[in-house]
Amino acid sequence: MNVHHSDLVGGIALSTVLSFLPRHVRRILETCPSAGAGVHGWLFLAALALARAGVDPKLAARLIREGTADCGRYVDAREITEAIGSAARIAGTPGEVTLASTPRPKAWPAPNCAQIEAIGLHGPGLIGLQALSPVKFQTDHRHTEEIVDHLLHEEELVCSGYDKKNFETKTRAEWRGRLASMPFIVPSPMTTLTGITKAGKISARALANTGTRRYQVIEFDFAEKDKHGLDTGHAPMMRAIADRGATVLDLCASLLLHLGQYAPLVLVVCQVGPTAGLRDLYAIRCQHRRSRWLFLPGTTAARTSSSTSSWTGSVQGLGPAEFVVC
């Protein structure tokens, strides 16, 4: 935690304020995890510790903001004030606070269409991806259970559901035989059966009970036309690829294999529909946590991915679809 000595509270530096806090509170404030390892849960933990220590909500908000300065992701004012409000309800202390928003950094660079096109034209395509897969399914029935067995262990807690509002968290063993009918699954194991949501409610799916990121999900959804029938920004590239006899699935497969140079490629999902494309999982194992930075803005993945929606959400749709394991 880097406390800026120019930040004053009633003429007193935040660093001085910290020195008067109980040791266990200081320890919490100084140990905010890095992005992807539980920042949201830490916000609530820090807010609760400060509330129980009798710290004014306004001061608590500033201390928490300082604690997240080096966590590796943007933490907006609302996320902090909601954590303070939730903690206050549990601690029975005042929790109303406003916190000025800080400028949000630009999240994603613009896709590099020239680079995407070059990879798509010169890559091995879908046939090449299938040929490289060490697992080849010969039947048309779903292989959801055996695929999930490769991703999550029997004793680990898994969150899955019919939609984003109807879900449960159970052990992998308890889910056995049911996952093929579930369109959604959290690609990381859960830490507990329930957690506290941003709204302060107990839920089976919350950032607070989502474990350390194990896999990075990247989704491609290239389309030549938008819903109004107008050309998208990818239209020239899509036509150039089609002129060479390749398809959007060839493009996606080549991109996935290209990204496989930077982190192990674990799973590819082929989703058939109006915007057919491939979605993939890259292994981000706990013992190699820093490898997840390969997929932050500015890296090859960010420049070549056409969709950022699946990079930060805790629940990803993984079915029904055709699976190829790599």
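1. The pairing of S3 with strand S5 (residues 184–185) is antiparallel and comprises 2 bridges; two strands are taken to pair if DSSP finds at least two bridges between them. Helices (H or I, at least four residues) and strands (E, at least two) are DSSP runs, numbered from the N terminus.

2. Residues are numbered from 1 along each chain as its sequence is written, and side-chain values use heavy atoms, with hydrogens and water left out. Because the model is predicted, local features need pLDDT of at least 70 and side-chain atom pairs count only at pLDDT 80 or more, while totals for chains, interfaces and linings use all residues.

3. S3 also pairs with strand S4 (residues 167–171), running antiparallel to S4 and joined to it by 5 bridges. A hairpin of 5 residues links S3 to S4. Within this pairing, Val158 has Lys170 of S4 as its bridge partner.

4. Strand S3 (residues 157–161) is mostly covered, with 5 of its 5 residues buried; buried means under 20% relative accessible area, exposed over 50%, and partly exposed in between (1.4 Å probe, protein chains only). The cover extends to both faces: Leu157, Cys159 and Gly161 are buried on one side, and Val158 and Ser160 on the other.

5. On a 1 Å grid over the protein atoms alone, a cavity is a set of points where a 1.4 Å probe fits but cannot get out; lining residues have an atom within 4 Å of a point.

6. The lining of the second largest cavity consists of His40, Phe44, Glu82, Ala83, Ser86, Ile196, Thr197 and Lys198. Helix H3 (39–52) and helix H5 (77–91) each contribute at least two of its residues, and H5 gives the largest share, 3 residues. By class, this lining has 3 nonpolar, 3 polar and 2 charged residues, where Ala, Val, Leu, Ile, Met, Phe, Trp, Tyr, Cys and Pro count as nonpolar, Asp, Glu, Lys and Arg as charged, and the others, Gly among them, as polar.

7. Glu66 lies in helix H4 (residues 57–67). Glu66 counts as buried because its relative accessibility is 10%. Leu29 is 37 residues from Glu66 in sequence, and their C-alpha atoms are 8.6 Å apart in space.

Terms used:
1 Å grid on protein atoms, 1.4 Å probe; cavity = no way out; pocket = protein on both sides within 12 Å on 5 of 7 lines; lining within 4 Å.
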